[in-house]
Amino acid sequence: MNQTRDRFLITLAVIALLYVGKAIFIPLCYSLLLAMVLYPMVSGLEKRGLSRALSITAALLVVIVLFSGIVVLLMWQLHAFLNQLPALREGSSGIVTHLVDRIQQTIDGIPRSGVARWEALLAVLPEGLGGFFLKAMDSVFGMVFNLFLIPILSALLLLDRRRYVLVLSEFAGSSLRPLLPDILHRSVHNFAAFVVGTAKVYIIVGVLNSLGLAILGVDHAILFGMLSALMTIIPYVGIMISSLLPMSVVWIATGNAWYPLGVVAVYAAVQYLEANLIFPKVVGHQLHVNTMASIVIVLAGALLWGVSGMILLLPFMAILKIVSSDVPSMR
């Protein structure tokens with residue numbers, strides 16, 4: 001009884017620590033995941049004769065180039081979508097017309113440079129939303145800062161990885177220490193293969209979504225298709241949320257209810273292919289977290305760390321499951 005109580009209190013203390021220290025733990029967790037994904041590439045380059053620093057730099061450059069390419073593509077499509085707002089207004093009515101007009105007036109009313117831009121932007125916000133906007137801007141700057149910080153932390157983790165393994169072995173204890181190298185090797189390689197395979201799945205799903213929407217004649221099919229693919233990071237819920245925007249746009253543009261149903265059909269077909277054909281073939285193996293557990297973990301992550309928790313908690317729980325399979329006391 002006392003042991004159960006102690007474990008429960010320790011669990012609560014860990015959760016409280018993670019919540020209070022999220023400003024530190026979130027970038028650290030992203031960095032650890034990125035380091036685990038990059039480790040097989042870095043290790044392979046080192047075996048080919050490159051120094052550790054050059055291997056880490058090359059691996060990070062690959063990630064940065066891929067990430068930048070996706071961002072540029074989405075920004076290009078978003079710019080084209082904003083330019084089409086006046087055309088959407090002509091095909092809309094009622095509250096939709098008011099919403100589109102409001103967005104267009106906001107964009108047109110913002111000066112192009114200087115302090116006046118921010119004053120004008122705050123002026124168009126309803127009363128009481130100025131503080132919310134400033135808080136949102138603070139979050140954006142924090143996200144940009146983390147985008148610079150995470151690759152640096154990942155590089156440091158990869159650079160001194162042997163030292164961290166030695167420290168971990170000291171904490172592991174005498175019974176677990178002999179199993180630690182094999183557990184770490186399987187956890188890192190299985191998770192890295194899973195993440196790389198999942199990234200390929202997202203790209204394939206984004207291309208198929210975009211092709212399906214383009215066949216339907218939906219404008220900015222690439223934007224909507226890739227956003228829907230990225231939103232599948234949030235299991236089950238993400239695809240439903242991301243489908244609302246293309247459904248709304250195509251309904252406003254055409255006034256025909258069959259087109260939104262066509263969008264639903266495209267997404268449903270692609271999701272069926274992803275679950276039953278693409279994912280098993282591309283990834284080859286999964287981390288085997290069942291549907292109910294996945295939903296609960298995502299919701300718990302949202303309560304703990306918001307969107308970052310929804311993204312981070314599921315892979316870490318999957319890693320914990322890999323570790324616990326080799327540790328009888330954790331089963």
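## A nonpolar surface patch

A patch here is made of residues with over 30% relative accessible area and no salt bridge, and nonpolar side chains are joined into one within 5 Å. The model is predicted. In it, F67, V71, M75, V144, L147 and F148 make a nonpolar surface patch of about 580 Å². Two helices, α3 (52–83) and α7 (130–159), are the elements that give two or more residues to this patch.

Is F148 buried or exposed? F148 has a relative accessible area of 60%. Exposed means over 50%, so F148 counts as exposed.

## Salt bridges

How many salt bridges does the count come to? The count is two. One joins the side chains of E46 and R161, with N to O at 2.8 Å. This pair links distant parts of the chain. E46 sits in helix α2 (residues 22–47), R161 in helix α8 (residues 161–172), and the two are 115 residues apart.

The other joins the side chains of R52 and E46, with N to O at 3.1 Å. E46 takes part in the bridge to R52 and in the bridge to R161.

## The setting of R161

Why does R161 count as buried? Its relative accessibility is 14%. Buried means under 20%, so R161 falls in that class. R161 is also the partner of E46 in the 2.8 Å salt bridge.

Technical notes. Residues numbered from 1 in each chain as written. Predicted model: local features only at pLDDT ≥ 70, side-chain atom pairs only at ≥ 80, totals over all residues. Heavy atoms only, no water. Salt bridge = Lys/Arg side-chain N within 4 Å of Asp/Glu carboxyl O. Helix = DSSP H or I, 4+ residues; strand = E, 2+ residues; numbered from the N terminus. Buried < 20%, exposed > 50% of the residue type's maximum accessible area, 1.4 Å probe, protein only. Patch = residues over 30% accessible without salt bridge, like charges linked within 9 Å, V, L, I, M, F, W, Y side chains within 5 Å. Areas by Shrake-Rupley, 256 points an atom, 1.4 Å probe, with all protein chains shown as cover.
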